[in-house]
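Hello,

Here is the structure I promised to pass on. Have a look at it first, and then read my notes below.

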Amino acid sequence: MDRELSKEERNSLRRKKLMPYVIGIVAFAGLVVFLMFLLRQSVKRDNLLVATVDTGVIETSVSASGSIVPAFEEIINSPINSRIIEVYCKAGDSVDAGTPLLRLDLQSTETELNKIKDQIEMKRYELEQQRVNNSTRMSDLEMQVKVKEMAVNRLEVELRNERYLDSLGSGTGDRVRQAELAYNTGRLELEQLRQKYENEIKVADAGLSVKSLDINIAGKNLGELSRTLDDARIRAPRKATLTYVNDQIGQKVSEGERIAIISDLSHFKIDGEIADAFGDKIGIGSKAVVKIGRERMSGTVINVTPLSRNGVISFSVRLDDNSNPRLRSGIKSEVYILCDVIEDAVRIKNGSYYTGPGSYEMFVFDGDDRMVKRTVRLGDSNYEYVEVLDGLVPGDRVAINDMKHYNNYTSLKVK
């Protein structure tokens, strides 16, 4: 007769049935972990960038960012407050010197110009009128001086006659004194009249000078307005390419507002920015290497801004080959400013692993199919090589791609 199994016996049977499945799952998970561990400890040779340590010259450099810009670019600003009437060219057109670009409304400026011309003409008439009035007044004063001289001469003769009669006893002392008083008074009046005549000449000359200066100032204003009016007839100042033009007909433009840009798109330069921490590494005349894709071009720093803005210093590079077909306005580039030359340096190829002088954990080949991690101290660099200060010797083969995923391993298999 079958007896009923207890609860403990039933659980024991259930565990025996499940045990093979549990063991299988655990074994499978262990195998997966083991395989992952093996895979993490190995790396494919095809995925490695390998460089061999050697010795040679390093021209150390600091890196900067740059962009290609036209070697010549001129901004044309509106010389007056006006509005756009017509546009003759569009962006991208090649223009010669003197080519009309656009037309501004010049009516108010032309009216002002004509007004100044009329004012100058009126001032000339006033100058001539004052010159005639001065001449008339001077003639009158000159005649008064001559008449007064004649009167003084007459008084002098009368004085001599009275003195002669007094010496003969026919005259009196009172008459002599009266004649002397009249003569002296006449002489003083003549001197006063002569001084007045000289002062009037100076005043007249000064008045004419003021009028002439006023005309000269108005003439300069006229010349300046004429030049402004000529500039307002917007033309290309030289042969170049029109890279921008304000083509909004009817739009108002203010004095000094940009309305067109012409550029020389056959020659280029580099405008770059570098961290101000490297400000002492760059100066006018510094040699530079510009990297555009795989193309490398040499150049010279021609301008450095004296002030730092937002932590960067701006500079410009003149390229030795500034008409290279690879150059296109607006393309970004890498710029390396050459600083120093290190002779017989232990060096290694530059790569994404290098972020500046300091210590690095790098994987070095130990045989053909194994790499070991080694602490390496690196120094200065240029766009091509990095100086090795410690940890590597010439002949060592090193992985120079990004190996951060393997930082937890001291060795790796190479498959």
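Let me start with D366, which is partly exposed because its relative accessible area is 43%, where partly exposed means between buried (under 20%) and exposed (over 50%), with a 1.4 Å probe and protein chains only. Before going further, please note that this is a predicted model, in which local features need pLDDT of at least 70, side-chain atom pairs count only at pLDDT 80 or more, and totals for chains, interfaces and linings use all residues. Residues are numbered from 1 along each chain as its sequence is written, and side-chain values use heavy atoms, with hydrogens and water left out.

D366 forms a salt bridge with R370, with 3.0 Å between the closest N and O atoms; the term stands for a side-chain nitrogen of Lys or Arg within 4 Å of a carboxyl oxygen of Asp or Glu. R370 is partly exposed, at 35% relative accessible area. The whole structure holds 21 salt bridges.

Another one joins R238 and E74, at 3.6 Å from N to O. R238 sits in the loop between α3 and β8, and E74 in strand β4 (residues 73-77), so this pair ties together parts that are 164 residues apart in sequence. Helices (H or I, at least four residues) and strands (E, at least two) are DSSP runs, numbered from the N terminus. Both partners are partly exposed: R238 at 40% relative accessibility and E74 at 23%.

The largest nonpolar core has 29 residues, and I76, L101, L104, I234 and L242 touch the most other members. Such a core is a set of buried Ala, Val, Leu, Ile, Met, Phe, Trp, Tyr and Cys residues joined through side-chain atoms within 4.5 Å. Its largest share, 7 residues, comes from α3. Apart from it lies another core of 19 residues, among them I68, I270, I274 and L327.

What about N246: is it buried or exposed? N246 is buried, at 6% relative accessible area, and its place is in the loop between β8 and β9 (252-253). Leaving aside neighbours within four places in sequence, N246 is in contact (heavy atoms within 4.5 Å) with residues including I84, L102, V253 and I259. The N246 side chain also reaches the backbone nitrogen of Q248 at 3.1 Å.

I hope this helps you find your way around.

Best wishes

Technical notes
A polar contact is a pair of N or O atoms within 3.5 Å; within protein, one must be able to donate a hydrogen and the other to accept it, and residues adjacent in sequence count only if both atoms are side-chain atoms.
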